[in-house]
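Colleague: I am new to this structure. Please take me through one part of it in detail.

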Amino acid sequence: MSAAAVEGPYRPEPLTLLEQANQLMEQHPGCRVEIIGGVITVAPPPDYPHARVLTRLMKPFLAAGLDGEETEVAQGVGVWLPTGPEDYAIPDLVVVDADIDEHLVENNCYDPVAFRLVLEVTSNNYNNDLRNKVTAYAEAKIPVYLIVNRKHDRVHVLTDPVAEGYDTHRVHARGERITLPDSVGAEVTLEVSTLLDAGQRRN
C-alpha cells in the first residue's frame with residue numbers, strides 16, 4: 001500500500017523590498033515611499049508651506065529657460081539609485097535632460113545620468129534629506145543637490161559628488177542670494193529669504 005505524499009503548509013515567497021514599498025504606497029495614498037540604503041522610508045504628505053516653497057522655486061527655473069528643448073523641470077520624479085539593488089528616491093523637484101523618457105529603469109524611476117539637479121524641501125523627516133540622501137545622491141553622481149532646510153532656516157547647495165557625499169557644501173542664510181552652478185543648464189539665482197519665508201506657516 002502506497003502512502004500519499006504529505007505537503008507542508010503553503011508559504012509564499014517573501015516580498016521584495018520593492019514589492020513592500022509599492023504595497024505601502026497603495027495602503028497609504030499621498031505618502032512618499034522610498035528605499036535608500038536598503039531601508040524603506042515612509043514620509044507623510046507634506047504641509048502646504050512645503051508646496052509653497054516648490055511653487056516659489058519653479059519660477060526662477062522656468063524664467064531661466066530650463067523647461068525647454070535641452071532640459072525640463074518637474075516635481076516628484078523617481079531616481080533609481082546605485083546604493084542598493086532596489087534603491088530609489090523621489091526628490092521634491094528636479095532638473096533633468098529633456099530626453100528623460102529614454103532613461104526609464106524600473107518602477108517609474110529613471111537613471112540618475114539624466115538628472116542635473118535634485119532638490120528637497122525638509123519636512124518632519126529632515127534627517128533623511130540632510131544625511132542619507134546626501135550619500136545616495138552623491139553616489140548617483142547627481143551634480144547638484146539643493147536643500148531648503150526649513151528646520152534650521154537655511155539653504156544648502158551641495159556640488160562635486162564623491163564616494164561618501166559631496167566635496168563642496170555651502171550653507172546660505174537669510175539675505176543671501178545663490179547662483180547655481182552652470183551644470184544646471186542656465187544661470188539661476190535664488191533668494192534665500194524668499195524660499196525660507198515661503199516655507200513658514202502663516203498665522
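Colleague: Which residue in S9 is the bridge partner of valine 94?

Modeller: Valine 118 is the bridge partner of valine 94 in S9. This is a predicted model, where local features need pLDDT of at least 70, side-chain atom pairs count only at pLDDT 80 or more, and totals for chains, interfaces and linings use all residues. Residues are numbered from 1 along each chain as its sequence is written, and side-chain values use heavy atoms, with hydrogens and water left out.

Strand S6 (residues 93-97) and strand S9 (residues 115-121) run antiparallel and are joined by four bridges. Two strands pair if DSSP finds at least two bridges between them; strands (E, at least two residues) and helices (H or I, at least four) are DSSP runs, numbered from the N terminus.

S6 and S9 belong to an open sheet of six strands with mixed pairing, in the order S3-S6-S9-S10-S11-S12. Its edge strands, S3 (71-75) and S12 (165-172), each pair on one side only. On average, neighbouring strands of this sheet are turned by 15° against each other, direction ignored.

Helix H2 (residues 48-63) lies across S3, S6, S9 and strand S10 (144-149), running at about 150° to S9. Helix H3 (residues 126-139) also packs on the sheet, where H3 touches S9, S10, S11 and S12, and its direction makes about 170° with that of S10. Contact means heavy atoms within 4.5 Å; axes are lines fitted to C-alpha atoms, for helices over the stretch in contact, and angles run from 0 to 180 degrees between N-to-C directions.
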